[in-house]
Amino acid sequence: MVPISYYLVLSGILFGLGVIAFTFKRNIITLFMAIELMLNAVNLALVAFARAWNQLDGLVFVFFVIVVAAAEAAVGLAIVITISQNRRSLNVEDVNLLKF
Amino acid sequence: MFILHHLWIILLLPLIGAALNGLLGAKWPKVAVNSIGIGSVGLSFLCVLELIREFLQLGATQVPYFERYFNWISAGIFNVDFALQVDQLTIIMLLVVTFVSLLVHIYSSGYMAHEGGYARFFSYLNLFVFFMLTLVLAANLVLMFVGWEGVGLCSYLLIGFWFLKDSAASAGKKAFITTRIGDFGFTIGILLTFWTFRSIDFGTMFQQASTMPVESAAGFGTLTVICLLLFAGAIGKSAQIPLYVWLPDAMEGPTPVSALIHAATMVTAGVYMVARMHPLFSRAPLAMYFVAAVGAATAFYAATIGVLQTDIKKVLAYSTVSQLGYMFLGCGVGAYAAGIFHLMTHAFFKGLLFLAAGSVIHAMGGEQDMRNMGGLRKKIPITYWTMLAATLAIAGIPGFAGFFSKDEILDAAGGGPHAAPVLYWLGLVGAGITSFYMFRLIFLTFFGQPRYDEHKVHVHESPSNMTIPLILLAICSVAGGWFAAPHLVGGSDYFEAFLHPVFASYGVPAAITQQESLAGAPGAAAGIAPNHAMELLHALTGLPVILAVIGLFLAWWFYIYKPDAARRAKESLRGLYTLVYNKYYIDEIYAALIINPLLWISTNVLWHVVDEKMIDGAVNGTAHVARELGGEVREIQSGNARTYATWVVVGAVGFTVLLIAVWMVR
């Protein structure tokens with residue numbers, strides 16, 4: 001059986017890649033993909049824990065996360081479309097009106 | 001025994017009147033307003049008459065009659081009851097207060113008929129009567145102080161009755177603030193009284209005081225300090241040197257107010273207080289001498305100012321200050337009954353003088369300057385005759401009220417157990433001056449040729465609701481002193497005999513008094529001669545009368561017989577004339593020494609530095625720091641989503657590092 005630490009390390013690496021992508025990329029679509037990557041990294045960790053301790057709670061969490069991710073993608077992509085129509089740009093740096 | 005058992009009725013009637021007129025009166029017709037105003041005080045007066053009937057049936061052991069209603073303040077051992085008491089002194093004060101108040105209310109219904117704020121005026125006047133009766137009936141110092149401050153409040157409200165007039169508004173403030181200086185002493189006096197006796201009930205206090213020895217006249221014993229502090233309150237309230245300056249200015253108020261508050265009742269509260277506290281004062285010879293000295297000095301000094309005043313009410317104001325001085329002189333030399341007697345006769349004749357002066361002003365259509373009067377004798381005969389009666393009374397012409405009371409005071413000052421020749425002579429000369437300035441007033445106002453435009457000013461006698469009080473008071477001014485008539489033939493007068501139980505209880509045994517006065521250090525310093533000189537002075541009882549007649553004669557000489565003489569005297573005594581005419585520049589001196597420095601400090605230190613720089617600075621400074629800080633910190637919200645993400649990451653990493661660090665330390 002594969003030890004749980006393997007899953008966790010993989011999850012950590014995926015999450016880290018997501019964070020780095022989210023921090024350094026400018027394209028909004030890419031940012032979305034980075035978020036999806038982080039969410040799924042967490043899902044992987046949760047599934048691994050559920051399997052390790054034979055508990056269903058982790059799996060339930062994962063379902064919720066997937067639902068939230070789907071909702072978020074629906075709303076988020078709608079926003080992205082609106083922004084791209086209004087700004088003719090997908091660069092996140094251009095969307096900075098909400099500030100001090 | 002109904003009223004005696006329900007003393008509160010006497011108090012409550014004027015209060016109800018004040019509340020009705022004050023809250024609802026503005027919309028009522030004048031008839032309703034003055035019926036309530038006069039009616040409430042009139043009923044109160046009738047209650048007092050019934051009270052006297054019931055009081056006279058009490059046995060000697062039942063006096064003072066004490067009535068306790070409820071516990072007002074209770075804090076540890078400090079207990080103040082709402083309690084009233086009646087003894088002979090209270091009876092006299094109640095009678096004077098309600099009687100004069102009733103007449104002044106009736107008079108006001110005529111005098112104020114054409115003025116605005118009719119209901120407000122009667123409401124204040126009724127409220128004043130309520131507080132004055134509280135002051136008189138109170139059975140402990142704190143309740144007395146309530147009345148004491150209450151009459152001060154009403155005085156303020158009524159002096160500033162025409163508050164749209166700048167001078168009236170500031171005169172009200174002056175009266176209130178000046179008396180406040182004295183009341184500061186009074187308050188400390190009450191605290192010290194409680195600290196000494198562990199009680200502020202008159203009965204308990206006096207009981208304890210009566211076991212205390214007479215203090216040395218040379219030092220400041222506890223009782224002496226208490227008495228001096230309490231007397232500071234009396235100096236303010238009764239307008240004695242150095243706090244008398246508010247009373248002449250108080251003439252800005254309507255004339256009935258001057259008659260009731262600033263002549264007959266409120267200003268005499270100080271005298272009443274000293275008489276009420278006699279068990280303490282009698283054991284504090286230094287305080288007694290101080291009271292007498294302040295009284296005599298004021299009696300003389302204020303009289304000299306009165307000589308050159310031209311405003312008819314100002315003359316009477318200085319006269320009031322002077323007469324209050326006589327009352328204190330009487331109390332200070334141990335003749336409390338004489339002081340109270342003068343209080344009563346003064347209430348009659350000075351109340352009358354003011355009301356008559358009001359009638360003159362009414363007749364002249366508002367003119368107050370005596371230089372613009374003259375020859376009014378025939379045109380307003382009732383006012384003339386009643387005012388003449390009062391003038392004869394205040395001047396001390398034999399047979400009239402003032403003669404008996406002033407004579408008794410001077411008698412005690414000249415030959416009593418606390419006699420003080422210097423003060424006696426001051427009082428005596430003051431009496432002569434009193435006679436001079438009062439007859440000057442009469443001659444300038446009622447005699448000679450009219451000095452006003454007879455076509456413009458329509459001189460008319462006042463309506464009957466103004467003249468009837470004048471006539472009643474004139475009768476009292478003539479006959480009010482006859483209680484004391486047996487005194488002239490060597491007997492004890494009725495008035496003194498009536499008050500005797502009050503001043504004999506808790507008193508100092510005569511032997512000690514005698515010894516104390518001989519050993520009295522301040523007395524000796526001021527030149528108390530041995531007793532045989534006193535007897536000589538005593539023999540000169542006729543002296544006040546002679547001086548009064550000289551005063552009358554001089555006034556006649558200067559203002560009727562040789563009007564030029566007055567002008568020539570003015571020219572030859574230019575310096576003295578200017579000094580006295582300007583009231584010795586006391587107001588200016590106070591302004592220069594106290595008021596202006598205080599104003600300067602208040603403006604330049606307290607306002608511009610303490611308030612603006614320190615207090616405002618602290619408040620504004622706090623706000624400024626918060627704003628600057630916020631201005632810096634808000635830059636974080638840049639609107640750039642990736643920056644936020646970076647912060648989140650930094651935060652998460654930081655938190656994780658912290659967790660690991662904690663875990664490692666464990």
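## A helix and its packing partners

In this predicted model, the buried residues of α11(B) pack against α4 (88-111), α5 (118-137), α6 (141-159), α10 (246-249), α15 (312-332) and α16 (336-363) of chain B. Helices (H or I, at least four residues) and strands (E, at least two) are DSSP runs, numbered from the N terminus, while a residue is buried if 20 or more other C-beta atoms lie within 10 Å of its own, exposed if 12 or fewer, and partly exposed in between, with C-beta atoms placed from the backbone. Packing rests on contacts, in which the C-beta atoms of two residues, placed from the backbone, lie within 7 Å.

Because 10 of the 10 residues of α11 (residues 255-264) of chain B are buried, this helix is largely enclosed by the rest of the structure; among them are Pro256(B), Leu260(B) and His262(B).

## Backbone details

Most residues other than glycine have a negative phi, and most peptide bonds are trans. The bond from Val63(B) to Pro64(B), however, is cis, and Pro64(B) is placed in the loop between α3 (30-56) and β1 (65-75) of chain B.

Arg198(B), which is not a glycine, has a positive phi of about 60° and lies in the loop between α7 (166-197) and α8 (202-209) of chain B.

## How to read the model

Residues are numbered from 1 along each chain as its sequence is written, and chains are lettered from A and ligands numbered from 1 in the order in which they are written. As the model is predicted, local features need pLDDT of at least 70 and side-chain atom pairs count only at pLDDT 80 or more, whereas totals for chains, interfaces and linings use all residues.
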